[in-house]
Every structure is written in C-alpha cells, then in structure tokens.
Amino acid sequence: MPPLYDLTIVSADRVVYRGKVESLVAPGAMGSFGVLAHHAPMVAELETGELDVVAEGGGRVSFAVSGGLLEVTWSGVTVLADSAEAAEEIDVDRAAAAEQRAEERLRARPEGVDTARAEAALKRALNRLRVARRKGRGPGASENG
Amino acid sequence: MISAKDVKNKIRTVQSIEQICRAMKTVAAIRLRRAEQRLETMRLYAGAIQGLVERLAAVTQDHPFLQPRDGKRKAMVLVTSDRGLCGGYNANAVRRALEEGGPEQVAVIAVGRRGVAQMQRRGYRIADRLVPLGGEPDPYQVMRLADRIGRLFSAGEVDEVSAVYTAFHGGTRSQMRREVLLPVTPRAAGADASRGLLAPGTGDVICEPPLPGLLEGVMTRYLRARLAAIVQEASASEHAARVAAMTAASDNAEEMIRSLTLAYNKARQAGITKELTEIVGASEATA
C-alpha cells in the first residue's frame, strides 16, 4: 500500500474533508500539481478548479474548489479553500442558476456591474457543474470523511 | 395607598415586558448557538492561515503587511453591536477603545452601529464602517472591509491597524481583547517554525507562484480571515451578553410581578375589609 498522509480541507465556514490520503491533484495558480506523501514543504495558491483526492484504500473524491491556499508541511497537507464542496454535495440547480445569472450579467453589462466579479462567479459555477457531472467516476468512488 | 386597579395595570405592563425579554433571550440563545458553531470553524481556518503566515514570514518579509513602519498614524477596528439591551457589552468595548488614544491619534474603523455613534460623539474620525452588522455578520461584507483596510495600510495612509473587540470564552464568558492587525508581527518568527513547515535545518519552502508573488494571495486571505474571526468572536460575545442581560431582566420582571401581585392582593383585601366594616357599621347603626 502506498504511504499515506493527513489531508485537511477547510474553508472559513466548515471543515470540508479530513482524512488519510494517498495523493491529491490540485488546481494550482500556475497549473495543476500532485502531492504524494513525503512531499517537500510547499505553499501554493489555488485557483478555481477541481481538487482530486485518492483516499486511503484507493477511493477517489473530487472537490470543486473556488480558489485558496495549499500548504504542505512535514505533518500533512492543509487546503485553505475560499470555498470547497465534494462532488456529491454540489447543488447542481443552484450552480446552474448562478451560471445563468452570471452570463446574463456579462451579456447585458449594465451600468455598475462588476465585470471581474461576474466572470469569477461564472467560472465558479462552471467549475461546480463540471465537478458534479464527473462524480462517481473511477473505482470505489466514496463519500468524504 | 394605591388602588387595586392601578396595581393590576402595572402587573400587566411588567408581564408584557417580561414576555418581550424572554422572546429576546430565546432569539439571542439561538443566534449564540449558531455563532458558536461558526466561530469554531473560523478559529480553525484563521489558526491554520496564521501558522502559514508565521512560517512564511520566517523566510521573507517582502510584502507591505510584513514591514514595520515608523509612522504614528493609527487606525482601530472597533467591533460593537447595532443595538443595546446587551448589558455592558458596548460600554466595555468603547471604554477599551478610548484607551488607544485621543481623536487626534486614532481613526476608527467601526463595525456595528453603536461604535459609530459613540466614537463620533467623542470627536473621532470614522475612517470606514460596516453597518449594520446584523445578528449574523455577512461574510462578504466582512471580506470587503478587510480588503479596504489592507489597501488603506498598503497605500501608507495609516501605519498601524489595531482591533478592539470582545473575545468569546464559552458560556456567557467573554473578554475585551486588543490586537495589532497590521503590520503583521509574527510572534518571534522562527520560534514557531520547527513544528511545521521548516523542519530544523531546512530553510526552503517551495512557493507557487514564486515569492513575492505568492504573498499577495496569502496576505489578502490572512487579513480577511483575521477580521472575519474577530467579527465572529465579537458576534458570539454579543449574543452571549444579550442572553445574560435578558435572563436577568426577565428574572427581575418575575420578581416584580410577585411583589406587585402581593400588593394587589393586599389592596383588594383592604378594599373588602373596608366595605365589610362599612356594611357592619351601617347595619349596627340601624339596628
């Protein structure tokens, strides 16, 4: 069995995930990167994207992350997410509604609309929808701990 | 002697006050429970980012937030509630805030209506505000305020930002706290390093994006988390203070109703006795 390390995914409003994992692939601001056990200390900025985790036993869990920081220390990995949801938790209807709203804002561009904010909202919504659609793939896709 | 009718009216008044107090207490208790839960995760998140910043600060100070300033212009974040009926919660915060210095030395960044009114009345400049704070602080508004505070500091308009707020200690216990938000002074940078990222003898951290680019994202989130944690501490304390104040008030009302009921019964009895005496007196006179 591959070596494990402790992973904590936390956002300001909740602990999203906590458990022993084999590896993860994170959406780094400079491109995706993977973390295995015994990785050297690192601090990375995350952008909106998909965080894939291979949990103890090989089960896969995907998370939709909307930006954040990831820190690798000798004692484990902590993801400080601006927001994060496991694929199973994503409210697809809400994300679809958010996508539509953001698109309308960008199309109409009325006075006073914060374009950057609308674009970020659109990106988050599309990311949630993509992660939600991919849930359950791979062997032994499991609930998060 | 006051009449039985007057006493009865008074009892009714106190009873309705008691009901209001109990209702407010119930609302505050529910909000306190929710605020406590949010505070718990907020502390975890803020603690994690605090550790990260301390470890990074041991390696670099290449960000405005990390550089000490010589200047003396101060701003103070003061967290109060919007409304009263929460005992000494606001008075204590304002008293502590006044110790920070006079209106010439300190500008106030007021979170909560009470702080705006109290400090303005004393001649302080309100540099920024978050009102109304509400029963459950809006994370987005708090985040925006944090970003404005960061810009204020980075632009060099202030040289130090402190925070005066009520920290929550569980139950109904809380305590005034004063912290320096900016510049960030890592508690003895390096002393903390050994337990985390920088194992003894290791000096390097992989940074993505490389320093100093990474620091912008880190420090922005750090200040947001610090401010959000502070506001959440204060919010929980506010609800706890309101629960305590409303418990005391409804207990007092109950006690008052008890003694008024006694007075009412006495007055009623006195009336009956008086009437009886008159009847007996009258019948004896005619006998």
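How many helices and strands does chain A have? Chain A has two helices and nine strands. The model is predicted.

**Order and overall form of chain A**
- Read from the N terminus, the elements of chain A follow the order β-β-β-β-β-β-β-β-β-α-α.
- Chain A is as compact as a globular protein of its length, because its radius of gyration of 16 Å is close to the 15 Å that the globule rule gives for 145 residues.
- The C-alpha trace of chain A spans about 55 × 30 × 25 Å along its principal axes.

**Packing within chain A**
- Buried residues make up 37% of the 145 residues of chain A.
- Taking contacts in chain A between residues at least 6 apart in sequence, 56% join residues at least 24 apart.

**Contact between chains A and B**
- Chain A gives 22 residues to the contact, and chain B gives 26 residues.
- On the side of chain B that touches chain A, the elements giving two or more residues are helix 1 (4–57), strand 6 (206–208) and helix 5 (213–286) of chain B.
- Helix 1 of chain B supplies the largest share of that side, with nine residues.
- Sorted by class, the side of chain B that touches chain A holds 19 nonpolar, four polar and three charged residues.

**Strand pairing across the two chains**
- Opposite A44(A) stands E208(B), which lies in strand 6 of chain B.

Note on methods. Residues are numbered from 1 along each chain as its sequence is written. Chains are lettered from A and ligands numbered from 1 in the order in which they are written. This is a predicted model: local features need pLDDT of at least 70, side-chain atom pairs count only at pLDDT 80 or more; totals for chains, interfaces and linings use all residues. Helices (H or I, at least four residues) and strands (E, at least two) are DSSP runs, numbered from the N terminus. The radius of gyration is taken over C-alpha atoms; the globule rule is 2.2 Å times the number of residues to the power 0.38. A residue is buried if 20 or more other C-beta atoms lie within 10 Å of its own, exposed if 12 or fewer, and partly exposed in between; C-beta atoms are placed from the backbone. Two residues are in contact if their C-beta atoms, placed from the backbone, lie within 7 Å. Ala, Val, Leu, Ile, Met, Phe, Trp, Tyr, Cys and Pro count as nonpolar, Asp, Glu, Lys and Arg as charged, and the others, Gly among them, as polar. Two strands pair if DSSP finds at least two bridges between them.
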